[in-house]
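Dear colleague,

Please find below the structure for your files.

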Amino acid sequence: MLVGGIPGVIENPVPLPREPGPPGAAEWNSTDAGRWLRARPAVWSHPLPAALALVCALVVATDVPRMDSYLCGRLDSCGPRWWVTAHLGLVGVVVLRWLWRLPLPAATALPLIAPGAALQSQIPAGHRIAVALAAGYALLGCLHRLRIARQQRALATAAAGPERPAVAKDADTTGRGGSDPGCGAPILAFALVSLALSAVSSGRLTGADDWQYVVVLTPVVGLNRGGSGLTGGYRLAVLHRSPVPLLRVLLRRGGGSDDRRTEVFAADDTAGEAPVFSCRTTFPADGTLREAVPYGAPYAGGELVFLSGGVFGHTMRPVRPPYRAEPVAETPQAGAAPVRWRAGAGVRAIVLGYLGVLPLGAVGLRLHEVESRYVHGLALVVAALILPVVTLLNWEAVADHDGLRVTCTFTAHHVPWDRFRSVSIETRGFQVRHATDRLADVYGVLPARWLAGLLPRQARARAAVDGIRAMAADPALRPVEAAARAFRPRARPAGIAVAVYCLALILVLLMPV
């Protein structure tokens with residue numbers, strides 16, 4: 001196997017104890033797992049383009065700067081139109097959570113979006129057609145993903161053989177969404193209170209039309225927080241109530257593409273090179289490849305109970321297969337010259353283009369005397385992107401004979417190989433631990449997992465993590481030469497200059513005309 005996901009270091013996976021192991025668990029070999037993986041959802045059905053299309057169509061149709069026109073049908077104060085409010089809330093729930101994680105409820109709700117927009121006479125016909133097309137596209141994607149899930153479940157069930165034991169009674173599956181319903185229930189209760197207050201309000205508290213916004217937002221948040229947890233908990237409860245198929249697999253918690261996720265491999269993939277799917281589980285992250293038995297047939301969006309090392313665990317997030325084949329990881333080769341990782345030329349060009357367009361946007365808003373909320377909105381966007389922009393331009397990792405030289409957002413670190421502890425992939429970036437738990441934290445350089453699954457090439461930061469892990473495990477892969485002075489770690493003045501540049505633009509935007 002790959003120790004902690006590091007190429008070049010092989011050992012056998014931790015075996016499943018004989019006694020607690022369930023009888024009749026068939027091995028999920030590479031042939032069957034490959035057949036299951038080839039049934040992955042098509043790239044066009046990914047929720048991202050569907051959500052973007054739906055949001056853009058609704059923004060144009062409802063004319064967000066004049067939302068009162070949509071809520072009331074006119075610009076003056078009005079009484080509540082609750083069916084319109086419900087329609088907006090439904091769209092928010094579908095786009096924010098159901099379209100991504102719950103395709104079945106989303107497929108049920110999407111057909112209601114187009115008629116809801118079509119009944120709004122103040123929306124131009126072309127815009128209503130755009131909403132219908134976007135909702136139709138999203139619906140087709142949901143139906144496709146549901147069909148793929150049925151195929152995957154059938155393939156996994158066939159590979160499991162005839163044995164159908166039940167999940168052990170002592171298998172603890174509590175906590176799957178335990179916090180989500182706990183957060184969602186009071187928010188939904190507040191939505192009901194808001195609805196009652198809006199019905200009896202006569203201006204003493206606030207206008208009825210103002211309460212519409214509260215009634216739109218609170219159910220969206222409540223259903224998002226509670227719906228996913230309740231669905232996952234219900235699916236895990238079903239595994240307890242009925243016999244389920246068994247498969248023998250290998251799994252690794254951490255040490256792969258995301259240290260917070262558990263990757264599942266075919267039973268004969270003892271090198272841990274080709275994960276079939278991934279999910280978040282209750283197992284601790286140790287980067288070790290282990291034998292395991294999942295209770296239930298894996299499929300996209302499904303839930304599983306795992307038995308590994310005599311300990312039960314379960315999914316905290318649904319099964320997530322890739323939408324395309326994983327990009328081939330770069331295998332580090334022994335060489336003399338130092339190895340350098342940084343953002344690619346394309347990413348740097350996009351960031352520099354963004355910085356170049358900013359002053360044009362600021363001048364345009366000022367010259368055309370646009371409403372202050374748009375000017376303040378642009379200032380807020382610039383402020384929120386300062387650190388990510390500086391990091392993308394600044395970050396760099398250089399490996400040489402002496403160790404690592406890691407440049408972060410505003411700081412730099414030299415990590416000798418004898419003081420190196422570990423490197424791990426964290427939220428949107430990676431961390432290098434050295435000495436007495438000191439950290440070199442490079443944040444914001446990895447795309448979100450749902451976006452990484454659509455990219456044809458491996459992210460440079462991911463390549464850096466793989467290369468550092470390999471060199472840490474095998475000294476023969478480390479460069480022979482030391483880095484030149486140009487590669488020495490230092491806090492780059494360019495990052496500070498970019499930050500000052502963005503702050504100056506924010507001040508210009510906020511200055512009174």
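How many residues lie between strand 6 and strand 7 in the hairpin that they form? There are two, and G309 in the turn has a positive phi of about 65°. The model is predicted: local features need pLDDT of at least 70, side-chain atom pairs count only at pLDDT 80 or more, and totals for chains, interfaces and linings use all residues. Residues are numbered from 1 along each chain as its sequence is written, and side-chain values use heavy atoms, leaving out hydrogens and water.

Strands are DSSP runs of E with at least two residues, numbered from the N terminus, and two of them pair if DSSP finds at least two bridges between them. Strand 6 (residues 305-308) pairs with strand 7 (residues 311-314) in the antiparallel sense over four bridges; F306 has G313 as its bridge partner in strand 7.

An open sheet of four strands, with antiparallel pairing, runs in the order 8-9-10-11. Strand 8 (339-342) and strand 11 are at the edges with a single partner strand each, so one side of each has no neighbour in the sheet. Within this sheet, strand 9 (residues 396-399) and strand 10 pair over four bridges in the antiparallel sense, and V398 has R405 as its bridge partner in strand 10.

F410 lies in the loop between strand 10 (403-407) and strand 11 (412-416).

A search of the whole structure for disulfides (pairs of cysteine sulfur atoms within 2.5 Å) finds zero.

Yours sincerely
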